[in-house]
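Please keep the sequence and the 3D view at hand while reading.

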Amino acid sequence: MNNKPDVTAEVVSELTPGTAPVSEAASGHAAGTQPQEVSSPDHSEIPEAAKTGAQLRGESSPASCEVPGSVTPAGAAPKKTAKKPNIVRRLYDWTLHWADTRWGVLALFVLAFAESSFFPIPPDVLLIACCLGLPKKSFKYALICTAGSVLGACFGYLIGQYAWLNPESATGFTALADWFFNNLFSVEAYRSVEAMYNQWNFWIVFTGGFTPLPFKLITITAGVFDINFVMFLIASIVSRGARFFLVGWLIWKFGPTIKSFIDKHFNWMALAFTVLLIGGFLAIKYI
């Protein structure tokens, strides 16, 4: 047997810093054994510090192919970001979330007040949610919603009386009125209501309060055109009470199964009822 050292192995070990000389015994050639494979470090594992940081931030630990600081592989499809909902949808969701809080009843009153004068989301959304949560209190919620809406209607009337017209401005309106025209309803809608008030004052208020028409348009214009306040108040109580108590009664009577029916058909039913009601009075008057 040749006992001379393997010169080639020693030369290779000298040229490679940090490696020990490889002998026949270490290489396993002399003993006829297979060389052992040296395991490389597993870079797919996330350092413990990175895992802890993600957990402290409330994030899930990144996947093995997304180690913090790594670059997205070439050719990989970019992640799609969820489309941000529009402002009306965000207001709708914000309104609805109050039903899950202890402030739901107070929020219902405030929302009903605001919707009658400036807020765009109708209180029916929160009223339905509150009634579904406790159907036995449906009439109580309807009363709270009616009270808030009628008080808000009075506030809208005052806006029309004292904060709407400004003869000295170029448009003839105040800055507040211009904001309403730019964000809530148009000048054309305002003018059309003005023409109808001259003949149908009570029924205009009733229609705005019972149907899905924007009630704020009716309350403000009633103040602008100086509609009789007592008549305005009675029409608001009757129309708003009829709408909200009808919603409360439907949920009290039929429970959660009626919700989809209200969402799809209630506004159309309210419009049809109003048309039939006004049509009946017109028939009595002219026939």
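Phe206 and Phe210 are about one helical turn from each other, because they lie four residues apart in helix 9; helices here are DSSP runs of H or I with at least four residues, strands are runs of E with at least two, and both are numbered from the N terminus.

## Basis of the description

The model is predicted, so that local features are described where pLDDT is at least 70 and side-chain atom pairs count only at pLDDT 80 or more, while totals for chains, interfaces and linings use all residues. Residues are numbered from 1 along each chain as its sequence is written, and side-chain values use heavy atoms, with hydrogens and water left out.

## The chain as a whole

The protein chain has 12 helices and zero strands. Of its 287 residues, 32% count as buried, where buried means under 20% relative accessible area, exposed means over 50%, and partly exposed lies in between, with a 1.4 Å probe and protein chains only.

Among the contacts in the protein chain with a separation of 6 or more, 68% are between residues 24 or more positions apart, a contact being heavy atoms within 4.5 Å.

## Aromatic pairs

The structure holds 22 aromatic pairs, counted for rings of Phe, Tyr and Trp (its six-membered ring) with centres within 6.5 Å; planes under 30 degrees apart are called stacked, over 60 edge-to-face, and the rest tilted. One of them is the edge-to-face pair of Phe173 and Tyr190, with 5.6 Å from centre to centre and 85° between the planes. Since Phe173 lies in the loop between helix 7 (138-162) and helix 8 (175-183), and Tyr190 in helix 9 (residues 187-210), this pair ties together parts that are 17 residues apart in sequence. Phe173 is buried at a relative accessible area of 7%, and Tyr190 is buried at 2%.

The rings of Phe206 and Phe210 have centres 5.9 Å apart and planes at 15°, so this pair is stacked; both residues are buried. One aromatic cluster is formed by Trp164, Phe173, Trp179, Phe180, Phe181, Phe185, Tyr190, Tyr197 and Phe225.

## An exposed loop residue

Asp226 is found in the loop between helix 10 (215-224) and helix 11 (229-254), and it has a positive phi of about 60° although it is not a glycine. Most residues other than glycine have a negative phi. With a relative accessibility of 55%, Asp226 counts as exposed.
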